[in-house]
Amino acid sequence: MLEEAFPECLDEKHKSGRRTDVWHFPNFGGREMRDMSSVASGVFSIRWLPSLAAAALTAMVGVSTANAGHGAGGDPYVFTNASGVGSGDRLWSNAANWNQPEEPGPGHVAWINFGAPPAIINYAAPSVGEFYVGQGGGDGGVVVTSGGSIISGVGSAAVGSMHLARDSGRNGTLLVEGTGYLQLGALGTTGQSSGGTLQIGHEGGTATATITNGTVFTGATTIANTGIAAGLPAANGSLTITGGALNALQIGVGQNNAVSSGGVGHLTIGGDATVNTVNHIFLRPGGRGNFTVDGSGATISLNRAGSTGFEVTNGSVVNFNADSGGFSTVNIPDSTMRFSGPDGIINVDATALGIGTYDLFTFGRGYFSTTATNSWSTENLTFAPGLSGDILYNANSIQLSVVPEPASLGLLAIGGLFGLRRRRRA
């Protein structure tokens, strides 16, 4: 053990039995080293794990900046739930649940892959470099609940990211609830993250992210994004927002690799959720990008200026499900809506609605298409008995019109005549 081999190097004030010891080595100017990346400054730190003594000895004589953001021996911070495997408290704050002496901090890489149930963040956790949830050794999950907050990337070399199920066959989950707060990357002048990434399913993984309340800030959000290289396994992912707020730079839904088959992304917005993007929502082609709006209580704003704010590609699917208040409208105030493929599909459930005209999309700069069809090629519309309708493509909006069926109009007219005759006879 190091304290036996080099007792003269152990700082007296740190001989207290703590798991983190500070060492002084003459070859490093006799000063402490607390960051693996700061060898040049003469500062060196070893986070002591008995099982990694050999790695620590190696690090003592040959440290590289590749170890920055990791713990002993260059290992990442791995959540083990070791306070009781399978029945531990699952708390992020409990040092016993990590393979390092404490929970991860600025610049560290946090791995959550010990399987179910998920790790719980219920306090103001230190910021981390990035997250990997469900990768490598196993599946994983994270819950950010009331009282919990965590930031990734701020104050470290990493830009801030969370990867859910990045490996083939792995599963990753994220739940933000209550007053939970998750921030990926530094916030820009627009209030959204300019550099962080939320990756929901990647390269064969299957991921589920859910926001029921709380607040999430992120940059680029990708759902079921396999990547652009040929031959990568298909990914699957879903993001469901039923409350709270998602503030994103942009959202891409569905497979990103045209040379791979399979892989489907779902983005569902409902309840009283608020979704704001600086740029756009883009639905990938071939049925891989699916977008659903449930009810009328959500606020959806796509704030890209002067370009495409919402793009419907070949074979992508859009679903609107009304409640008695109508639909939650997708607002694109300073941009356009684009149809870039001829085989887009829209499904509208209007069985909760009466006669009237209801907004689905509004946009400040019209809509356009790169094909001959400025519309969805397949419109599946469901109405209450006796009603029918159509989708209206207007200069600055797309609406659903609900009217009586022709047969119902005839019955109403006949009923009116009989009523008139009765009144005259009276």
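Strand β16 (residues 245–253) pairs with strand β18 (residues 274–277) in the parallel sense, over four bridges. The model is predicted. β18 also pairs with strand β21 (residues 299–302), again in the parallel sense and over four bridges. The chain holds three helices and 31 strands.

**Pairing around β18**
- N247 stands opposite N276 in β18.
- N276 in turn stands opposite S301 in β21.
- N276 therefore has a facing residue in β16 and another in β21.

- β5 pairs with strand β7 (residues 140–144) over three bridges, in the parallel sense.
- Within this pairing, A119 stands opposite V142 in β7.

**Whole-chain figures**
- The chain has 426 residues, and 50% of them count as buried.
- Among contacts with a separation of 6 or more, 71% are between residues 24 or more positions apart.
- The accessible surface of the chain comes to about 17300 Å².
- Carbon and sulfur atoms account for 54% of that surface.

Methods. Residues are numbered from 1 along each chain as its sequence is written. This is a predicted model: local features need pLDDT of at least 70, side-chain atom pairs count only at pLDDT 80 or more; totals for chains, interfaces and linings use all residues. Side-chain values use heavy atoms; hydrogens and water are left out. Two strands pair if DSSP finds at least two bridges between them. Helices (H or I, at least four residues) and strands (E, at least two) are DSSP runs, numbered from the N terminus. Buried means under 20% relative accessible area, exposed over 50%, partly exposed in between (1.4 Å probe, protein chains only). Contact means heavy atoms within 4.5 Å. Accessible areas come from the Shrake-Rupley method with a 1.4 Å probe; for residues, only the protein chains shown count as cover.
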